[in-house]
Amino acid sequence: MSKAIFSHLESPRIVLRHFRDADLPSFLAYRNDPEIARYQSWESLNEQEAHTFVQEQKTLQPGVPGAWFQLAIELKETGRLVGDCGLKVHQQDTQQAEIGFTLSRDYQSKGLASETVSCLLDYAFIQLALHRIIAVTDCQNAPCVALLERLGLRREGHFLQNVWFKGMWGDEYLYAILKDEWLQKRDEHSHK
């Protein structure tokens, strides 16, 4: 795995970067939106929790086994924080990782999540040289399911009532993609 210091990642409309102190108001706003928290493990965040999160994430580097590395999603056009995404290398197998993402409600359904996940997969497979990436989502989160499938991730598992989630048992899907599969899909799109 590459030991290069993380700086930032760019795609046509977004920059994935470390969090900054100035991100706090936007971060608090979308993390406290009940619609955004609906399929997330958290309900809300107070200002101190958000501040602690931002401070912790500002200096972290990717690839630490067992630790989530959260990136701020900045819209290039405005410089505004519009969400965050994360990568967690598995504790036991450092060739595999999990990804996750959250976008502010105002920036959903615009293709930004797809752009974010594509950028994150490129980084994980090319720079970090990982072998396999997974994503886990609530079965009821139809937009997330559609996005993962559109990007070519394969549904490998359907877990029934496997997680106690917001006062009830929830079902989850597990999606995965291998490095070779992602790079092949990427090459096919670049030749169109």
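**Entry 1: helix α1**

I looked up how far α1 is covered, and found that six of its eight residues are buried, so this helix is largely enclosed by the rest of the structure; buried here means under 20% relative accessible area, exposed means over 50%, and partly exposed lies in between, with a 1.4 Å probe and protein chains only. The buried residues of α1 are L24, S26, F27, L28, Y30 and R31. I took helices and strands as DSSP runs (H or I of at least four residues for helices, E of at least two for strands), numbered from the N terminus.

I noted before going on that this is a predicted model, in which local features need pLDDT of at least 70 and side-chain atom pairs count only at pLDDT 80 or more, whereas totals for chains, interfaces and linings use all residues. Residues are numbered from 1 along each chain as its sequence is written, and side-chain values use heavy atoms, with hydrogens and water left out.

**Entry 2: the sheet**

I traced an open sheet of eight strands with mixed pairing, in the order β1-β2-β3-β4-β5-β6-β8-β7; two strands pair if DSSP finds at least two bridges between them. Its edge strands are β1 (8–10) and β7 (154–165), each of which pairs on one side only. Neighbouring strands are turned by 25° against each other on average, direction ignored, where axes are lines fitted to C-alpha atoms, for helices over the stretch in contact, and angles run from 0 to 180 degrees between N-to-C directions.

I then checked what packs on this sheet. Helix α1 (residues 24–31) touches β3, β4 and β5, and its direction makes about 75° with that of β4; contact means heavy atoms within 4.5 Å. Helix α5 lies across β5, β6, β7 and β8 and runs at about 160° to β6.

**Entry 3: strand pairs**

I followed the pairing from β1 onward. β1 and β2 form a hairpin with three residues between them, pairing in the antiparallel sense over three bridges, and L9 stands opposite L16 in β2. β2 runs antiparallel to β3, to which four bridges join it, and the bridge partner of R17 in β3 is A72. I also found β2 covered on both faces, with I14 and L16 buried on one side and V15 and R17 buried on the other. Further along, β4 and β5 run antiparallel and are joined by seven bridges, and V89 stands opposite A97 in β5.

Leaving aside neighbours within four places in sequence, I listed I99, I133, L153, I177 and W182 as the contacts of L121.

**Entry 4: loop residues**

S109, in the loop between β5 and α4, has phi near 60° and is exposed at 84% relative accessible area. A129, in the loop between α4 and β6, has phi near 55° and is partly exposed at 32%.

Lastly I checked N46, in the loop between α2 (34–37) and α3 (47–59), which is partly exposed at 40% relative accessibility. Its side chain reaches the backbone nitrogen of Q48 at 3.0 Å, and the C-alpha atoms of N46 and L28, 18 residues apart along the chain, are separated by 7.5 Å.

Conventions. A polar contact is a pair of N or O atoms within 3.5 Å; within protein, one must be able to donate a hydrogen and the other to accept it, and residues adjacent in sequence count only if both atoms are side-chain atoms.
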